[in-house]
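Dear colleague,

Please find below the structure for your review. A summary of the findings follows it.

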Amino acid sequence: MIGIKKWDAFSIFNYVFLSLFCMLAVYPMIYVLAGSLNDGNDYMRGGVYFFPRQFSLASYKIVFEDERLYTGFMITTLRTVIGTVASVLFTAMVAYAMSRKKLVGRSVYSWIFLFTMFFGGGLIPYFLVLKFLHLLNTFWVFVIPTMFSVFNMIIMQSFFRELPEEMLESASLDGAGDFGMFAKLALPLSMPVLATVAMWNGVWHWNEFYDAMLFTNNEKLMTLQLYLMKLIKESDMISANSQFIPPQARRAFSVTTVRMAAIIISTIPILFVYPFMQRYFVTGIMVGSLKG
């Protein structure tokens with residue numbers, strides 16, 4: 001009959017495998033969400049896997065009453081926005097320059113960039129460089145060292161290399177300089193690859209805690225993920241704040257459910273942003289990696 005799809009063994013196996021894989025990817029979030037919404041003492045009995053058995057928002061109340069959450073959220077949001085914009089624009093400028101054949105010393109720069117992808121000085125020289133630049137214990141330690149990525153530059157360079165030379169030559173004849181052609185032609189035509197790289201940078205900035213842990217010691221510069229890591233390690237967080245919690249509410253949460261609530265709170269913002277960037281994701285990767 002017309003319109004009825006024939007199912008072969010491979011299609012059935014493919015759908016079953018992808019469905020199971022999707023469930024494995026989604027289930028950890030469902031498990032954490034269910035635990036965070038469950039009564040703490042009841043959760044310690046076990047058996048909470050998909051839905052909260054005794055609904056309670058006590059764990060979220062504890063997390064929202066911790067001032068470190070708001071400090072970490074603000075710092076992480078600022079570093080994600082500023083760091084992503086700075087990284088995408090700066091890397092795009094370098095990639096556009098590297099895509100132009102008239103760039104003097106382009107092959108030398110290429111070898112230098114590739115060398116840094118495979119070899120590095122290590123953590124101690126990196127720390128000393130940051131100290132020499134007076135970036136330690138400042139907000140800009142999250143932004144300036146991450147403004148350039150060789151891998152992202154290669155992706156963007158492959159895209160810029162495919163821009164029609166005739167279009168660029170026409171713009172040059174009309175009086176546009178290199179910066180004008182980059183800003184008015186290259187950037188508007190490269191939105192898919194820019195959005196893809198921006199999403200990579202945004203997710204990395206949002207999840208990063210290592211630089212905040214090593215290069216800052218100011219509580220006002222603590223990122224959200226560093227706060228989350230400390231919260232997970234501080235098993236006595238609840239007892240330390242127990243004097244501010246009514247006894248009847250103290251029974252409604254546990255250390256584990258508070259940790260789960262913090263994980264959900266830190267994950268929700270990036271989950272809301274991702275669907276808006278997803279339509280650029282596949283296009284940006286394919287164009288940036290296969291062309292050229």
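Which residues have the most contacts inside the largest nonpolar core? Before the answer, a note on the source: this is a predicted model, in which local features need pLDDT of at least 70 and side-chain atom pairs count only at pLDDT 80 or more, while totals for chains, interfaces and linings use all residues. Residues are numbered from 1 along each chain as its sequence is written, and side-chain values use heavy atoms, with hydrogens and water left out.

The residues in question are Y60, V63, L69, V141, F142 and Y227, within a core of 34 residues. A nonpolar core here is a set of buried Ala, Val, Leu, Ile, Met, Phe, Trp, Tyr and Cys residues joined through side-chain atoms within 4.5 Å. Buried means under 20% relative accessible area, exposed over 50%, and partly exposed in between (1.4 Å probe, protein chains only). Two or more residues of this core come from each of α1 (9–36), α3 (58–64), α4, α11, α12 (224–233) and α15 (255–290). Beyond its neighbours within four places in sequence, Y60 is in contact (heavy atoms within 4.5 Å) with L33, S36, L37, A261, I264 and I265. A second, separate core has 24 residues, among them M98, M156, L163 and V197.

Regarding the chain overall, there are 15 helices and 0 strands; these are DSSP runs numbered from the N terminus, helices being H or I of at least four residues and strands E of at least two. Of its 292 residues, 37% count as buried. Among contacts between residues at least 6 apart in sequence, 72% join residues at least 24 apart.

The structure holds 1 salt bridge, defined as a side-chain nitrogen of Lys or Arg within 4 Å of a carboxyl oxygen of Asp or Glu. The partners are D211 and R79, whose closest N and O atoms are 2.9 Å apart. This pair links distant parts of the chain, with D211 in helix α11 (residues 210–215) and R79 in helix α4 (residues 67–99), 132 residues apart. D211 is buried at a relative accessible area of 8%, and R79 is buried at 0%.

H134, in the loop between α6 (123–132) and α7 (150–161), has a positive phi near 60° although it is not glycine. H134 is exposed, at 66% relative accessible area. N137 also lies in the loop between α6 and α7 and has a positive phi near 60°, but N137 is partly exposed, at 33%.

Yours sincerely
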